Amino acid sequence: VQLQASGGGLVRAGGSLRLSCAASGSISAIDSMGWYRRAPGNQRELVATISSGGGTKYAESVQGRFTISRDDANNAKNTVHLQMNYLKPQDTAVYYCNAVLLILGHTYHTWGQGTLVTVSS
């Protein structure tokens, strides 16, 4: 599975951005997809995930401001979006798309390239 992320950029505090991540390849193996981020000097942290059944999970710091969704066109379920509203300077980070693959009872993580989100104050 390959992941292609897009949508980062520079925005002022209070603004919005939308990240997208398109998966290709053996997408039938995808169990969940999501977004993580790494801010300068920090470890990578979970932002939001969405399961194949549509269940979502958010970091407490983004709850109520970010929304993760999935395109189900043709039941492909291979594109996820992260709508980020009311952005704060502390949201500045490189955001990474992630997919968890379930293959023969084993889980594997695959990552897309990072996309930089910069929120100015």
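I started with Trp 111, which counts as partly exposed because its relative accessibility is 30% (buried is under 20% relative accessible area, exposed over 50%, partly exposed in between, with a 1.4 Å probe and protein chains only). This is a predicted model, so I kept in mind that local features need pLDDT of at least 70 and side-chain atom pairs pLDDT 80 or more, while totals for chains, interfaces and linings use all residues. Residues are numbered from 1 along each chain as its sequence is written, and side-chain values use heavy atoms, without hydrogens and water.

Next I checked what sits over the Trp 111 ring: the charged end of Arg 44, 3.8 Å from the ring centre (the rule asks for NZ of Lys or CZ of Arg within 6 Å of the centre and within 35 degrees of the ring normal).

Then I searched the whole structure for aromatic pairs and found 1 (ring centres within 6.5 Å, using the six-membered ring of Trp; planes under 30 degrees apart are stacked, over 60 edge-to-face, the rest tilted). Tyr 36 and Trp 111 form it edge-to-face, at 5.1 Å centre to centre and 70° between the planes. The partners are 75 residues apart, with Tyr 36 in strand S4 and Trp 111 in strand S10 (strands are DSSP E runs of at least two residues, numbered from the N terminus). Tyr 36 counts as buried, because its relative accessibility is 17%.

Last, I looked up Tyr 95. Beyond its neighbours within four places in sequence, Tyr 95 is in contact with Tyr 36, among others including Trp 35, Phe 66 and Met 84 (contact means heavy atoms within 4.5 Å).

Terms used. Helices (H or I, at least four residues) and strands (E, at least two) are DSSP runs, numbered from the N terminus.
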